[in-house]
Amino acid sequence: MQHQTHTEHVHGHESHASHGHGPASWSMAAQATLHCLTGCAIGEVLGMVIGTALGWGNVPTMILAIVLAFFFGYSLTLRGVLRAGVGFRAAFRVALAADTLSIAVMELIDNGVIVLWPDAMDTGLADALFWISLAISLVIAFVVTTPVNKWMIGRGKGHAVVHAHH
């Protein structure tokens with residue numbers, strides 16, 4: 001039995017991107033990146049808040065934020081695939097295949113911006129610079145990660161794997 005992608009189901013036709021033959025749309029890539037960004041942002045903000053509130057140093061706080069970003073990124077995908085009736089092991093493999101590169105790129109860019117931003121690593125939760133630098137770093141990560149997701153979806157990888165299970 002052939003699975004329909006979300007696009008096929010809604011629009012009643014197959015797109016070349018759904019089979020990995022041809023370019024994916026920028027809209028599809030942006031939606032996949034926004035999905036990834038949501039999980040990453042939840043984990044990133046939570047990690048930064050916990051580490052900063054506990055008075056941890058920059059390195060342990062950043063490690064916690066990255067671990068939580070992967071956790072929440074995978075969790076959001078896992079939740080959707082499990083809802084589609086896929087078993088946990090298979091759903092977990094889908095989440096890993098769909099999100100690993102996207103989350104890794106997003107975290108590299110996001111944390112790279114924070115590290116390079118003057119004084120951003122030395123701010124507290126009450127400082128506007130903490131929130132401004134975090135928000136801007138996530139926007140930059142979104143802009144950089146969207147073409148990565150477009151490339152992956154166009155090759156039947158990344159979130160194209162998730163759409164096969166919807």
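Reader: What classes of residue make up the lining of the second largest pocket?

Author: Rolling a probe the size of a water molecule over the atoms shows where empty space is left. Here the lining has eight nonpolar, six polar and no charged residues (Ala, Val, Leu, Ile, Met, Phe, Trp, Tyr, Cys and Pro are nonpolar; Asp, Glu, Lys and Arg charged; the others, including Gly, polar). A pocket is an open set of 1 Å grid points, over protein atoms alone, where a 1.4 Å probe fits, with protein on both sides within 12 Å along at least five of seven lines; lining residues have an atom within 4 Å of a point. The model is predicted: local features need pLDDT of at least 70 and side-chain atom pairs 80 or more, while totals for chains, interfaces and linings use all residues. Residues are numbered from 1 along each chain, and side-chain values use heavy atoms, without hydrogens or water.

Reader: Which residues lie nearest its centre?

Author: Met 48, Thr 52, Asn 58, Met 121 and Phe 130, out of 14 lining residues. Helices H2 (26–53), H3 (58–83) and H5 (128–154) each give two or more residues to this lining (helices are DSSP runs of H or I, at least four residues, numbered from the N terminus).

Reader: How do H2 and H5 pack?

Author: Two packed helices are described by the angle between their axes and the distance between the axes. H2 and H5 pack at about 145 degrees, their axes 8 Å apart (axes are lines fitted to C-alpha atoms over the stretch in contact; angles run from 0 to 180 degrees between N-to-C directions). Their contact has 18 nonpolar, five polar and two charged residues. Just after H5, Gly 156 has a positive phi of about 75 degrees.
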